[in-house]
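User: Hi! I am new to protein structures and would like to learn how to read one, feature by feature. Could you guide me?

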Amino acid sequence: MVQLKNSHIAGATGLLLLTALALHWLGLADLKNYVLIASSIFAGYFIAIKAFKSLRMKAFSIELLVTIAVIGALIIGEYFEAAAVTFLFVFGAYLETRTLEQTRSSLKSLIDMTPTEATVIRPEGHIRIPAEDLEKGDRVLIRSGEKVSIDGSVLAGQALITEAAITGESVPADKRVGHHVYSGTVVTNGYIEVLAEKVGDDTTFSKIVELIEDAQESKTKTQKFLDRFANIYTPSIVVLAVLVYAISQNVELALTFLVIACPGALVISAPVSMVAGIGNAARNGALVKGGEIMEKLAKINMVVFDKTGTLTKGRPEVTDVKAWSGDENQILHLAAQAEVASEHHLGQTIVAEAQKRGLLLTDKPENAEIIEGEGMAATVGGKHLVIGTRKLLGARGIVIDASAEDYAIMREKAGNTAIFVAIDGVLVGLIGIADQIKPEARGAIERLRSQGIEKIYMLTGDNRHAAQLVGDELGLDAVYAELLPQEKVAWINKLKAQGLRVAMVGDGINDAPALATADVGLAMGTGGADITMETADVVLMSDRLDQFAHAQALSKATVRNMMQNTFFAVATVVILLAGVLLGKVFLASGMLIHEVSVILVILNAIRLVRFGRKRTGATTLPGTVQQQRA
């Protein structure tokens with residue numbers, strides 16, 4: 001029964017009950033009974049239909065118990081009891097539907113934000129078309145007040161864009177030429193033209209909606225247990241009701257026992273809490289991929305962070321270029337032309353610095369080879385370049401002399417990443433790159449500790465000097481540096497073998513194996529690679545670590561809420577059944593208490609919708625730290 005039908009049935013049944021009461025006051029007893037019978041049959045029909053559908057699926061539903069009880073009450077002449085039970089049941093179902101809508105408010109608000117139309121720029125002019133007809137490569141015009149309908153890069157114009165649907169941040173972001181925009185965001189002021197790179201179901205917004213839908217439909221271990229329990233419990237109650245009648249020879253007592261034992265509040269106690277919790281997390285920028293993940297997140301006692309783009313901002317800048325052979329600009333120029341083939345943010349930082357200096361990147365790299373976690377090699381203008389870590393150069397037989405090593409260590413201790421550049425097998429220069437610790441990192445780490453996280457480590461591909469600098473500044477328990485992706489996985493397995501429940505937080509492609517290995521993997525949604533977000537259990541949409549702290553606190557609150565609901569539901573059934581057997585609870589009053597218990601369970605879960613994120617660590621930390629191929 002959908003919400004509209006429930007409201008109509010409840011309204012009509014309630015009107016019939018009021019009519020019966022009026023007839024009773026007028027002394028028209030026979031007519032009153034006919035109205036009560038009509039009311040019971042009218043509402044009972046819809047309850048019976050749902051019970052029948054469940055039986056066809058080999059499921060024993062609550063509706064089946066109510067249907068049996070109503071038929072029995074009509075047979076023995078308890079017309080008011082039958083009418084009252086059916087009214088309370090359909091009215092309770094209506095209230096449940098209305099109340100549950102609040103727990104799904106995050107998903108509903110997202111769906112309401114789905115773009116429906118877009119303006120494309122074509123040779124014949126500006127054309128308004130349905131959003132689903134957009135194609136990759138279209139040039140899309142978006143004005144003030146309009147929704148962005150694609151993921152893409154800004155080609156012209158400037159605008160303030162509210163990205164709350166994607167990142168959970170309410171403060172508008174300033175978007176200019178070259179910046180990236182997401183579907184589902186809203187232009188609050190300005191005008192932009194965007195090149196469509198992802199359209200339709202491939203957009204970030206569409207994937208977020210799909211993730212939340214899947215997450216809200218997924219079931220926790222507790223929910224799966226309760227579902228199995230309900231399938232055993234319901235037929236058992238029918239058998240027990242028969243036994244009650246056999247012992248007491250009291251039909252009304254048996255029917256009352258049958259109805260009061262309905263596990264309504266128990267069945268919804270876990271899912272309603274989980275839906276509310278997942279919705280709150282999504283509204284605050286953390287996509288939790290299902291109830292089971294929420295349960296796992298509540299149990300973690302150790303967190304492992306990557307460094308670059310996770311603890312640091314991931315927006316590095318070139319701080320210096322050191323040349324031991326040739327000109328600094330020449331080395332930067334060659335390195336940038338090779339790094340054009342790399343998608344790694346360090347490589348793109350080198351490219352950006354070369355462009356800033358006006359160096360034309362005309363020569364295309366040939367035979368480009370990306371070495372995950374270490375660097376790259378390529379041929380540019382007939383010269384073979386190897387660019388990356390000292391480990392990479394050592395593996396290629398390239399010598400780093402003592403003076404070059406001393407200089408690299410000096411830069412690393414100052415918080416820079418040392419990127420070595422070799423040409424034709426000879427070390428010719430070093431490019432220093434620096435990044436800053438995220439301003440919310442320290443506060444988020446302190447909050448995680450206050451929430452029961454026992455140990456916090458860093459596993460990074462960065463060199464040990466810069467990694468330790470970040471670790472010391474943030475007060476981490478341990479720092480392990482210069483690790484390859486497979487070594488990060490080995491560390492995660494080692495920690496899990498110690499009995500720790502580990503969450504791994506990262507952003508790069510090389511973090512994906514570690515995320516998959518951890519008990520809970522968390523990925524950065526804005527700066528993170530697609531494969532990392534697909535692998536992760538939780539996606540932090542605006543790359544903020546305080547979103548992680550909020551999600552972890554919320555997961556604990558959600559599991560507590562679920563346990564509270566379950567205990568309350570079981571206690572209510574036990575007390576009611578005791579009241580029935582002692583002759584203190586009757587059919588109509590028992591059903592009323594039963595429905596009230598269902599509503600109270602839902603209202604308790606709705607508290608999670610208002611569970612607020614407390615931002616901590618919003619002050620900027622001093623100093624810079626290095627950025628590394630990690």
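**Reading the model step by step**

Analyst: Happy to! Of the 630 residues in the protein chain, 54% count as buried. Please keep in mind that this is a predicted model.

User: How many helices and strands does the protein chain have?

Analyst: The secondary structure comes to 22 helices and 21 strands. As for contacts with a separation of 6 or more, 69% are between residues 24 or more positions apart.

User: What does the accessible surface of the protein chain come to?

Analyst: It comes to about 26,900 Å², and 59% of that belongs to carbon and sulfur atoms.

User: Let's take a helix next. What span should helix α22 have, and how far apart are its end C-alpha atoms?

Analyst: Start with the general idea: an α-helix has 3.6 residues a turn, so residues three or four places apart point the same way. Now the case here: helix α22 covers residues 587-606, and at 1.5 Å a residue its 20 residues should span 28 Å. The end C-alpha atoms of α22 are 29 Å apart, which agrees.

User: How many of the 20 residues of α22 are buried?

Analyst: 14 of the 20 are buried, so α22 is largely enclosed by the rest of the structure.

User: Now for the aromatic rings. How is a pair of rings described?

Analyst: By two values, the distance of the centres and the angle of the planes. In this structure the count comes to six aromatic pairs. One of them is F305 with F548, an edge-to-face pair with 6.3 Å from centre to centre and 75 degrees between the planes.

User: Where do F305 and F548 lie?

Analyst: F305 lies in strand β9 (residues 302-305) and F548 in helix α21 (residues 545-581), so this pair ties together parts that are 243 residues apart in sequence. Both F305 and F548 are buried.

User: And what about the rings of Y480 and W491?

Analyst: Their centres are 4.0 Å apart and their planes are at 35 degrees, so this pair is tilted. Y480 lies in strand β17 (residues 478-480) and W491 in helix α18 (residues 485-497), so the pair ties together parts that are eleven residues apart in sequence. With a relative accessibility of 28%, Y480 counts as partly exposed, whereas W491, at 18%, counts as buried.

User: Which residues form an aromatic cluster?

Analyst: F42, Y45 and F46 form one aromatic cluster. A ring can also have a charge over it: the charged end of K322 sits over the ring of Y407, 5.4 Å from the ring centre.

User: That brings me to charges. How many salt bridges does the structure hold?

Analyst: It holds 14 salt bridges. Among them is the one between R128 and E117, where the closest N and O atoms are 3.6 Å apart. R128 lies in strand β2 (residues 125-130) and E117 in strand β1 (residues 117-122), so the pair ties together parts that are eleven residues apart in sequence. R128 is partly exposed, with a relative accessible area of 43%, and E117 counts as partly exposed at 44% relative accessibility.

User: Where does E146 come in, and is it buried or exposed?

Analyst: R128 also forms a salt bridge with E146, with 3.5 Å between the closest N and O atoms. E146 lies in the loop between β3 (139-143) and β4 (151-162), so this pair ties together parts that are 18 residues apart in sequence. At 18% relative accessibility, E146 counts as buried.

User: What about the salt bridge of R390 and E412?

Analyst: Their side chains meet at 3.0 Å, N to O. R390 is in helix α14 (residues 390-395) and E412 in helix α15 (residues 402-413), 22 residues apart. R390 counts as partly exposed at 22% relative accessibility, while E412, at 1%, counts as buried. As for shared partners, salt bridges join E117, R128 and E146 into one network.

Conventions
Residues are numbered from 1 along each chain as its sequence is written. This is a predicted model: local features need pLDDT of at least 70, side-chain atom pairs count only at pLDDT 80 or more; totals for chains, interfaces and linings use all residues. Side-chain values use heavy atoms; hydrogens and water are left out. Helices (H or I, at least four residues) and strands (E, at least two) are DSSP runs, numbered from the N terminus. Buried means under 20% relative accessible area, exposed over 50%, partly exposed in between (1.4 Å probe, protein chains only). Contact means heavy atoms within 4.5 Å. Accessible areas come from the Shrake-Rupley method with a 1.4 Å probe; for residues, only the protein chains shown count as cover. The expected span of a helix is 1.5 Å times one less than its number of residues. Rings of Phe, Tyr and Trp (its six-membered ring) pair if their centres lie within 6.5 Å; planes under 30 degrees apart count as stacked, over 60 as edge-to-face and the rest as tilted. A charge sits over a ring if NZ of Lys or CZ of Arg is within 6 Å of the ring centre and within 35 degrees of the ring normal. A salt bridge is a side-chain nitrogen of Lys or Arg within 4 Å of a carboxyl oxygen of Asp or Glu.
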